[in-house]
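Subject: Handing over the structure, with notes

Dear colleague,

I am passing this structure on to you, and I have set out below what was found in it. Please look through the sequence and the model first, and then read the notes beside them.

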Amino acid sequence: MIGLLSYLVFFATVATILAIAVLGLNLQWGNTGLFNGGVAAFFGAGAYGTLILGGTPQAGHLGGFAMPYPLALLGGMAVAAALAWGVGRLTLKLRHDYLAIATFGVAVAFENVMRNAEWLSGGAKGLRGFERPLQEGIGSGLAYNALYLAFVASLLLLTYLFLERLVSSPFGRLLRAIREDEEAARSLGKNPAKVRLTAFVTGSVIMGMAGGLYATFYAFVSPQDVLPILTFQIWAMLIVGGAGNNRGAILGAFLMWGAWTASGWALSRHAPVEAQIYAGSIQYVLIGSVIVGMLLWRPQGLFPERLVVSQSGGATRPAPAK
Amino acid sequence: MIQHLVDGVLVGAIYALGAIGLTMVMHMLRFANFSHAELLSVGAYAALVFEKLFSALAPPLAAKIGPLSMSLALALAVLVSMAITAATAVLIDKLVFKRIRERGEELSMVFASFGVALIVRNVIGLVFGLGTTLYSREIPFAMVLSLDPLILVRPDQIFTLSAALLLMVILHLVLSRTTFGYSLRAVAENPALAQIAGVNLRRIVIAVWVIGGGLAAAAGVFYGLTNQITPMIGRDLLMPVFAATIVGGIGSIYGAAAGGFLVGLAANLALVILPSGYSPSVPFLIILLVLSFRPSGIFASERA
């Protein structure tokens, strides 16, 4: 019973953290129409940033600034912001494919550098020597994990409320205006490149926070945590939930993370031993099929964006997932 | 240093073949196709299957050609593989991209191409195994071009380079000397106007996939011949090929060819100063440099 309960807490914590990242992506893709192919890099920037700033001194690599936890987490988010600003500034003025290619490239390069730069990140062995905040007082058992779940859940709620306010604010209308018709927005005196950059950096900071929380939970991060598959998982969560709809994005995260862990469990349990090394490939095919299948048959997701036309009549129409 | 230059040109030819197809697709269909590099894997494995098949059916074909590690069977298999890969590209378009395109969602196509890439790469891994294979177990002797400094070139590399250049010349002649080439370029310039002039747009789209798939298959086999065959060919060559299209300017076929060689050279020269572990990051650095200083590409055509 305790075993099941602690597993549920563990599952919910990871799903909640991923849901925060999905919310960040939703601001970029769902609300602004920006293609971020490198979610893993911004997630990873937050993760590595938090652990390097908040960890205890380590021999052999950078880090151990032992900053108070909130500062470390904010620092991680700042690292993600800096990365996003650099990439966004170069690519957001160009044709949309450039952002897709450049962000995908960032993720490849980020993972590659973290794997090789031992002085910075501990290399392939990953980054250790981080103490989870308040661990001494509470201990590392179920109680701590339950408290941590409450902490990440409240951050998820805060992120959700922040984004809901943002999306219904004039700035949110501006984002949708640019997504739907850039020329029209420009003719009204808006600066699409600047607005896009703001949305891109904000979304990436949210991903960075998710990464920081993820690394805090495990008190460890390694290049294995920032592989491109993470980007695809988060994408699949958003497209299943429904791009443009924050509640859908959260539900999609829980649904897809459930499907991912369940399929991993089923494969490890029922697949023959000699087929075990292919379990990953099967899961990747499943993720790819979910992405392609959703785009073909239900591009608006399970919980479509509800666009409220602000003219009289208040008609709603499904989102043209663009 | 000179060895790096030589290796850069040789691998550059492979990038160029991949980039030419990718840039055509990106320009005609207006989306960054992240599944293009998987066509290289499809080509490499299709050739592997048919090489085995031809050698089994007609054992004399299994003999090596001159100093190459390539057999006659593999030479034939390349042609079959180009056809199969072209058909695969057309099929993927029909099943996935065309249906999304008809709804008018360019960004969703980029997104779908990630999904397609995941499916293709891992299905190949499931069918052929995750390990590496080679077309031939024999280790071909390298030719010593010069002793001081030591420069080594394998006959396979020379063959690969000449075959790649030959394919590019053929493509150039087709594009510049035939009615088909004119219609293809007309569509690239202005799809609506080309249709008014009687060009069948649907046929041109299929032609673009056929050319892209065929060149990708050749590139995949050449890569397998000079390195090794793994299901990760697509993953490993994705960024170099994208870098080549961006260096050349998206939409410029000649730019993509030149970009391929440039990326090959730059990636190999970078190894002079960087530890080899960092080589997967080099294409991204090249992309960053180009986007910072000349976003429309070094060889930008005015239409890019």
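In these notes a residue is called buried when its relative accessible area is under 20%, exposed when that area is over 50%, and partly exposed in between, with a 1.4 Å probe and protein chains only. Please bear in mind that this is a predicted model, in which local features need pLDDT of at least 70 and side-chain atom pairs count only at pLDDT 80 or more, while totals for chains, interfaces and linings use all residues. Residues are numbered from 1 along each chain as its sequence is written, chains are lettered from A and ligands numbered from 1 in the order in which they are written, and side-chain values use heavy atoms, with hydrogens and water left out.

Salt bridges

Side chains of opposite charge can pair when their charged atoms come close. A salt bridge here is a side-chain nitrogen of Lys or Arg within 4 Å of a carboxyl oxygen of Asp or Glu, and a search of the whole structure finds nine of them over all chains. One of these joins A:Glu111 to A:Arg115, with the closest N and O atoms 2.6 Å apart; both residues belong to helix α4 of chain A (residues 96-116), where they are four residues apart, about one turn of the helix. Helices (H or I, at least four residues) and strands (E, at least two) are DSSP runs, numbered from the N terminus. A:Glu111 is buried at 14% relative accessible area, whereas A:Arg115, at 29%, is partly exposed.

A:Glu182 takes part in two of the pairs described here, and with A:Arg186 and A:Arg196 it is linked in a network of salt bridges. Its bridge to A:Arg186 has an N to O distance of 2.7 Å, and these two residues are four apart in helix α9 of chain A (residues 182-187), about one helical turn. The bridge between A:Glu182 and A:Arg196 is 2.8 Å, N to O, and this pair links distant parts of the chain, from helix α9 to helix α10 of chain A, 14 residues apart. As for accessibility, A:Glu182 is partly exposed at 25%, A:Arg186 is partly exposed at 42%, and A:Arg196 is buried at 14%.

Aromatic pairs

Rings of Phe, Tyr and Trp (its six-membered ring) pair if their centres lie within 6.5 Å, and planes under 30 degrees apart count as stacked, over 60 as edge-to-face and the rest as tilted. By this rule there are 30 aromatic pairs over all chains. The rings of A:Phe35 and B:Phe114 are stacked, because their centres are 5.5 Å apart and their planes stand at 10 degrees. This pair crosses between chains, from the loop between α1 (2-31) and α2 (39-54) of chain A to helix α4 (residues 106-128) of chain B. A:Phe35 is buried at 2%, and B:Phe114 is buried at 4%. A:Phe104 and B:Phe34 form an edge-to-face pair, 5.2 Å centre to centre with 70 degrees between the planes. That pair also joins two chains, because A:Phe104 lies in helix α4 of chain A and B:Phe34 in the loop between α1 (2-28) and α2 (36-57) of chain B.

With regards,
A colleague
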